[in-house]
Amino acid sequence: RYNYEPLQGPEQIRILTLRGITNGAVECTIQQIKVSEGGYQALSYVWGSEEKLFHALVRDARKKRHGRMPFMKNKQLGRIPLTKNLNDALHDLWNAGELTSKVFWIDQICIDQEGEEKNHQVAFMGQIYKNASRVITYLGRVEDEEEEQRGLELLKRLDSHFSPNYEKLSQVLPDDLSGDAVSERMWHWLVTLCFGEWTTRLWIVQEQMLNTDNRMLHGHRLLSWDSVAVMPVLFFLKILPGQHVCTFWETNRMPLTHNTWDLVTAIFSIWRTYQHARQKAATAASFGYSLLSNMSRFETMQCRDPRDYIFALLAISYDSIDLGITPDYSKTPKQVFLDTTISMVESHQNLDYLNFACSTDNLSDLTHPSWAITSPRPAHLLPQNLQYQVYSPHPFLVLHAPPRFFVDGKTNVLTLKGRIVDHFAFTKSPLYRSQSFFLNKGDSDYTETSSQLTEALSDVICDLGITLENAAALCRALILDPNWKPSHGQGSPTQQTVYHFWCCFRYLVEDIEANSIRLGLKVHTAARYHHLIELLAPLVLETCLNSFSIEAKLRPSENDAAMYVWNYMRIQGRSFCTTQQRRVCSCMNKIESGDVIAAFRGADKLYALRPVEGGRYRLVGDAYVDGLMFGEAYEGVDPYEVDYDIELI
């Protein structure tokens, strides 16, 4: 095994030079340089399986001569174990004729993975990628050369068509790129390339953002980074045929592992920042997002080590220095998350970190504070959060002093100022969209998700009472927007809102019944759903009630109204509930009997809390309560008189 020589200074890094391939093994030399010297290319790749069945031979970089002739090969210094993905990448880098320089920085080789230097080198990676002459993203091996050639031709034609107008992204496809002009097999090649495993890897974010010369490597060929990275966005905008992405996702992903379009959003954020970085030098200070914002933007991306959900984003977060966070792999993941949250508590002037903590797995480990960030949930269980800086349930949205934090025995306690504004009365279980529901595939899983949503909506409005105001409140809770109203329709804004909700509810019922019959399933709908539709009809069809029949299908205008609600609704990981004050609530995560709703100083959201012993609470999730999102609970009262200390553990 190769023994690493200690780095000679804090600005030193190792670089490797590929020297060839002998009997299938990559040969290289390793030397140290100052990072500011540059002259190397940084590789961005997916580690894949941690099993290291391959190795690289490291030879002495010093020239040795025998008489006048140099030896063909210098002394072998040892071997470095490699994962399969990196072994493939090294072979393709050596065979890539367009890469005239074979000098690289690659983390798996250039960092002593078992030495004490790892913390410093990981913290230094921002500088490493920034000073590289270019960044190369490895997309994997080429399996079929003939198919590769046809696929590259398709990619070239698409890039040629869109590249002059990437900013607008509004052109339609010409005839030679639409319909039967492009085979299913070629679309599959393109989707496989553009939605490969590289799109799920968190470390790729800073690796792509910190250098202005990025390339992709597929097999031994270099590809334009722009041409590959922009393709997922074109699929998302339906400029390219999205059904090919759905087919790929169904057949190539583990069920419910990732959300296709969330990954597109992340890639688009990288692509947009990359375009900006080309126009001006990009540094961590020039990036417009905090660490918390970046954790939220890229929460669906993956990394092997949970601590890297923080460490991998430090170099592109403008507040990383102020937070005082540096990579330290001697700490446990729980300690890293807790220390990071405490840094945010002490430096932030609001409580936004509470909202993000709720979207992580903050309730399963009772030894970890519920108010602290922790390991992300699997992508299919990530709840949809209330938007930031939209609501104002408390008059004080800015903290003038950080909250009090203290340790009581083994308990980490966060003390916030606020008050309990309501209690839960009736609750439903949280809804989680199946992958079929997300892909709009009308199978049994899709039908089950639709049935759960329909049941939740029906039970909540029946608990409150079927009135125009309650139906409008439920529609707003479905969309998480107290100001939402349709852009068209007749009657008052409330009547228009209820009409759209009524159409959407009818659409759900029709869809469940049609899919159940088609799939040979037991019909999930009940007579009470039809009864609810009939009870709502007089509220929204004042002038044409006589023409309505429960058996009638949605008309085109009604279907449009249903889709208007459908496209805005936010249900993932959220529970529909009612409160003791007879309000509609949509809350993140599972709500239990006895849970309460609190407003805090410095918070732009309401929060659901769970009482525990000693008069303290655990944080459950954010809460949308219709009628309380804009300070209504504080009308006519002085916060200084009614607020009190609430201790979270």
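A pocket is an open set of grid points, over the protein atoms alone, where a 1.4 Å probe fits and protein lies on both sides within 12 Å along at least five of seven lines; its lining residues have an atom within 4 Å of a point. In this predicted model, the second largest pocket is lined by 26 residues. The protein chain has 23 helices and 19 strands.

**The second largest pocket**
- Its space comes to about 650 Å³.
- Leu139, Gly140, Arg141, Thr192 and His218 are the lining residues that lie nearest its centre.
- At least two lining residues each come from helix H1 (84-95), strand S9 (134-140), helix H5 (145-162), helix H6 (184-194) and helix H10 (243-252).
- H6 gives the most, with four residues.

- In soluble globular proteins, nonpolar side chains tend to be buried together.
- The largest nonpolar core holds 139 residues, and Leu190, Phe600 and Leu609 touch the most other members.
- Helix H11 (residues 260-279) supplies the largest share of this core, eight residues.
- Another core, of 65 residues, lies apart from it; Ala471, Cys475, Val625 and Tyr634 are among its members.
- Beyond its neighbours within four places in sequence, Leu609 has contacts that include Ile420, Phe600, Tyr617 and Leu648.

**The whole chain**
- Of the 649 residues, 56% are buried.
- Along the principal axes, the C-alpha atoms fill a box of roughly 105 × 65 × 45 Å.
- Among contacts between residues at least 6 apart in sequence, 75% join residues at least 24 apart.

Notes. Residues are numbered from 1 along each chain as its sequence is written. This is a predicted model: local features need pLDDT of at least 70, side-chain atom pairs count only at pLDDT 80 or more; totals for chains, interfaces and linings use all residues. Side-chain values use heavy atoms; hydrogens and water are left out. A nonpolar core is a set of buried Ala, Val, Leu, Ile, Met, Phe, Trp, Tyr and Cys residues joined through side-chain atoms within 4.5 Å. Buried means under 20% relative accessible area, exposed over 50%, partly exposed in between (1.4 Å probe, protein chains only). Contact means heavy atoms within 4.5 Å. On a 1 Å grid over the protein atoms alone, a cavity is a set of points where a 1.4 Å probe fits but cannot get out, and a pocket is an open set with protein on both sides within 12 Å along at least five of seven lines; lining residues have an atom within 4 Å of a point. Grid points are joined across faces, edges and corners, and a volume is the space filled by probe spheres set on the points.
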